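The sequence and structure come first.

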There are 2 protein chains.
Amino acid sequence: MPSSQPPHDHAEHDHDHDHAACGHDHGPKHIYIYSPAGAVRDKAAFRRGVKRLQALGHEVEVDADALSSHQRFAGDDAARVAAIHRAAASGADLALISRGGYGLTRILPAIDYARLGKAIADGMKFVGFSDFTALQMALLAKNGATTWAGPGLLGDFGSPEVVDDIMEACFDDLLSGHGEGSGWRMPATPRSAASQAPDDVYVQKATLWGGNLAVMAGLVGTPWLPAVKGGVLFLEDVNEHPYRVERMLTQLLMAGILGRQKAIVLGQFTDFRLTPHDKGFKLQSVVDWLRSQIDVPVLTGLPFGHVPTKVLLPVGAKVSLSVEGRDALIYWGHVH
Amino acid sequence: MPSSQPPHDHAEHDHDHDHAACGHDHGPKHIYIYSPAGAVRDKAAFRRGVKRLQALGHEVEVDADALSSHQRFAGDDAARVAAIHRAAASGADLALISRGGYGLTRILPAIDYARLGKAIADGMKFVGFSDFTALQMALLAKNGATTWAGPGLLGDFGSPEVVDDIMEACFDDLLSGHGEGSGWRMPATPRSAASQAPDDVYVQKATLWGGNLAVMAGLVGTPWLPAVKGGVLFLEDVNEHPYRVERMLTQLLMAGILGRQKAIVLGQFTDFRLTPHDKGFKLQSVVDWLRSQIDVPVLTGLPFGHVPTKVLLPVGAKVSLSVEGRDALIYWGHVH
């Protein structure tokens, strides 16, 4: 079971106090909900998500087109671009996607990155995952801005189940400015595995980047994938058979991207179905194969992906990564 | 219904007589069957395919590892690379894949392209599709060799149904050296479509390239995708929802590949399932969108893909392309 790294004892230091939008207060925050990709069909989940955020004491502002629908999209391309720009102009503490789906990749050229970059410099946190990876990569490529890999409204706060404790604690940490890192315990290497988890790893001042593998692979060769060297690259995906995961990793490998990183961190790969044809080929086979191709350490088990228990991660920020035995930690707080 | 272009009347000219491996004789040919990708599970289809080729009068040689199995692959990586090299060394007139699946992409760096290029220069035709696209692109990138987009043994000659007439006629044309072009009738543009098929098109001396879209997109940014400019790019895929087709086309678009071509020719996109969430988003939406993004003509209906009726196409060859009304022709024969 992955676990969120317990926050440091913040009574000991107050280095964040000088950040206007990142203080230690636990007061109500302004959260802006918008739909940059797929149309919201489950209105009940949407309402449930908004109510849960309000119950946490936050002011929730819903974008005018958050529930719009055009074909499978939350409005046509111009409407979704406008929604993103409204989110940036909202002055909110945090802009949260309603959901992912598909829709950001094709509107990347129409987004005003300077406008988003300014909002981020002023303290706004953009949070999301899955399709949202496209916007995160484009922002990082265009102006180096940090965004947050984290929940979406519908699947996380709008879940019919109870909201995941760890995700909610990380989300609260982000809003209160307390989040400084995420730790997890890597799965034990299966006895049958051809590869071993790497020895202890310690990486400093590396750019954390990544997100959804299919979206990342789909940006290779385009101007929207940042040229990160010496980074920590994290990847997750859903509904992708391991052979497709491998084909996408092969693209990142052959494009020279994996070999340039200091570490590859695999999150959750879920909801695929093996078939009799696979005859022993599985996700671990892909990990084994990847480890045979590069010297870069390949870590597993990051609690991030299309699963309820997801940590929040600063995409584009400088982080340190430490691995001792099966215990891994990505840390972006100040070093004391 | 697509139709194969009737071969020219070859009694009128004999320009092919000086090609050693491409003469006008209809004698028996030597066909080499090998498995560079997925394992063959349907042995009955394999035997049926071999028998049908033999019944056409050909000598069929089966590679030693054609029926090997390692996980989902037809042997481990080294075995499949060796099989490809044996095919090249076989002296056969034509090397035919048993099937596609997945497996070529990850072994591309281990293949001896000079050896394959020499076999091709000596007259051997490499034929296949789907996953085989990876090898075709790598060969074109490494030494400009021409290979053939065409059938595989299992799904085509090994089909439990009758073998498709048009495919078989094109295959026979290739073996006898009579094939000079493929024509087809483009589908009428649906009344609801936002885009029109292009006006008449006439392109000369353009490199024909392409194949499976997922494989092509997966090679973007790697050394294995040839940098073809001013080409005719054809694409097909199976089991890919239109939003995924669009995301892959977007990658080719944003990487600058589509805009550099003289024409994009869409083949068959089959076996996907639309969902209620799509609300009108469909394959035609993707075609409309693509046409709105580039000035390059986008043709449809090429009889090639994961369907029985597939023409054979010389990947890497110089072709002309003409479109008059709904009638399209890709021609690679000599111009008289």
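Glu236(A) is found in strand 8 (residues 232-238) of chain A; strands (E, at least two residues) and helices (H or I, at least four) are DSSP runs, numbered from the N terminus. The model is predicted: local features need pLDDT of at least 70, side-chain atom pairs count only at pLDDT 80 or more, and totals for chains, interfaces and linings use all residues. Residues are numbered from 1 along each chain as its sequence is written, and side-chain values use heavy atoms, without hydrogens and water.

**Annotated site**
- The "active site" annotation in the unreviewed UniProt entry covers Ser130(A), Glu236(A) and His306(A); such annotations may be inferred rather than shown by experiment.
- These residues are spread over 177 residues of sequence, yet the largest C-alpha distance is 8.4 Å.
- Glu236(A) is buried (under 20% relative accessible area; exposed is over 50%, partly exposed in between; 1.4 Å probe, protein chains only), because its relative accessibility is 0%.
- His306(A) is partly exposed at 24% and lies in the loop between strand 10 (298-299) and strand 11 (313-315) of chain A.
- The side chains of His306(A) and Ser130(A) make a polar contact at 2.8 Å (a pair of N or O atoms within 3.5 Å; within protein, one must be able to donate a hydrogen and the other to accept it, and residues adjacent in sequence count only if both atoms are side-chain atoms).

**Helix 1 of chain A**
- The buried residues of helix 1 are Ala45(A), Phe46(A), Gly49(A), Val50(A) and Leu53(A).
- The face turned away from the buried side carries the exposed residues Arg47(A), Lys51(A) and Ala55(A).
- Helix 1 is followed by Gly57(A), whose phi is positive, near 100 degrees.

Note on methods:
Chains lettered and ligands numbered in written order.
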